[in-house]
Amino acid sequence: GKLEVALCELRVASVLRPEDPEAFYQLGRALIKARDGARAQQALERAQELGNDDPQTEFLRVQSMLMQRAFERTISMAKAGAGASNDANWLILQAEAQLGAKQADNAWRSFSQVLDSDPTNAEARRGMARVAMSEGDSADAERLLNIAIDDDKNDVDTWVLKGELELAMERYEDAVQSFSNGVEADPKNSPARAGLIRALLTLERAEEAQRHIGVLAEHFPNALVTLHLQARILYQRGEFEDARRILNRILIADPQHVTSVLLLSQIEYKQASYEAAVQRLRPFLVRFPDKVPGRKLLAAALVALKQPSEALEILAPMETALANDAVVHQLLGVAYAQSGDAARAKRHLTRANELAPNVSHLELQLALSHLSAGEPSTAVDKLEATAGRAGQRGRSQSLLILALIDEGDLDRAFAEARRLEIAIHQARVVI
């Protein structure tokens, strides 16, 4: 795209004019736009060494530190910048760093301070919405975003954040509409179009998503977001190897590209390469411990490898935080069953089944927990519920036979055994 061409030209200029502070300043600005914080900081510091003392250069340098997640240092330097000037941008930068450092109350106060002097500042209003989102208050976040939209219905960044909120709330059709509004306001805005593609993929509307990726690729052909979304479509189609090639290309450019690490780990899990997924996700979660999808995926891979102790350790922070998540309870239940704690296994699998009552594999796991706890009659009820369902029939019937034998109902056990024998014979004929 144009940004890549500009970056190339500016790099050449900094080499040809190594003593020109303006060349390094312009390169730093372009690297900020490209979200390359480390290289931006180097270029801007070189500009300052060569005599550039413009306050905007210092602002961009501190912004580059925020991009590198140097939150405490950014907070300190942004406070100094805000104290030396009346520029609200310094206060917003400070608030962004406070939010990144999980200082939600401080971030809220900083954003509020901006709004006190400028009630229509959309960036501060969005910041407060993000604080509300970080605190789990989706209703207040939506209220704040609606105020910002009433102030300016063409603010793309507000529509994008509203779409992200709606995705998190699983209101996927609303998210499609919000991202579409952003695209309508600015057809070249990559976050808006990328968000729209993600929402469409969540609704399994891959053909529509593919059309939008075509537009995104026209403007940003080599952007990591474009490549990642192409990999997601391939993943959704089951073309795992092609998706893997694109993801590896992304990770060469950015080894910490969060969504690509997660998607590649998911492919490894789908292909039963559990050890590879574990090796990829362990260091990832050290750096990004709050990434719930990565934590779930690592726990699932550890369960598949029959390593329940580490799986339980990974799941522990989510047991309370995600008390209504069926997948978390299922993973906890299976991990406890593997570790021999039948009572806890039953408790978590029962809760998983309550949260997702029509998911047959949860019922199957719950039946296993009842069997291991010495409650065959309860297991029989659960197994009968799943024995006739496609995809679970053989395993459910086998376990049902064992439960009926444990319960002493031999006639029904023999009848189920006969049905299973017929089913196996029919399956072989079909094959």
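Biologist: What covers the buried residues of α19?
Modeller: The cover includes α18 (292–304) and α20 (326–338). Buried means under 20% relative accessible area, with a 1.4 Å probe and protein chains only. This is a predicted model, where local features need pLDDT of at least 70, side-chain atom pairs count only at pLDDT 80 or more, and totals for chains, interfaces and linings use all residues. Residues are numbered from 1 along each chain as its sequence is written, and side-chain values use heavy atoms, leaving out hydrogens and water.

Biologist: Which residues of α19 are buried?
Modeller: Pro308, Ala311, Leu312, Ile314, Leu315 and Met318.

Biologist: And where does α19 bend?
Modeller: At leucine 315, by about 45°, and proline 317 follows within four residues. That bend is the angle between axes fitted to the seven residues ending there and the seven starting there.

Biologist: New topic: what lines the second largest pocket?
Modeller: Among them are Lys102, Asp290, Arg295, Pro317 and Met318. Helix α19 gives the most to this lining, with three residues. A lining residue has an atom within 4 Å of a pocket point; the pocket is an open set on a 1 Å grid over the protein atoms alone, where a 1.4 Å probe fits, with protein on both sides within 12 Å along at least five of seven lines.

Biologist: Which element has the lowest mean pLDDT?
Modeller: Helix α25 (residues 410–430), at 44, while helix α11 (residues 172–185) has the highest, 96. pLDDT is the predictor's confidence in each residue, from 0 to 100.

Biologist: What does the protein chain average?
Modeller: A pLDDT of 82, with 81% of the residues scoring at least 70.

Notes
Helices (H or I, at least four residues) and strands (E, at least two) are DSSP runs, numbered from the N terminus. Buried means under 20% relative accessible area, exposed over 50%, partly exposed in between (1.4 Å probe, protein chains only). Contact means heavy atoms within 4.5 Å.
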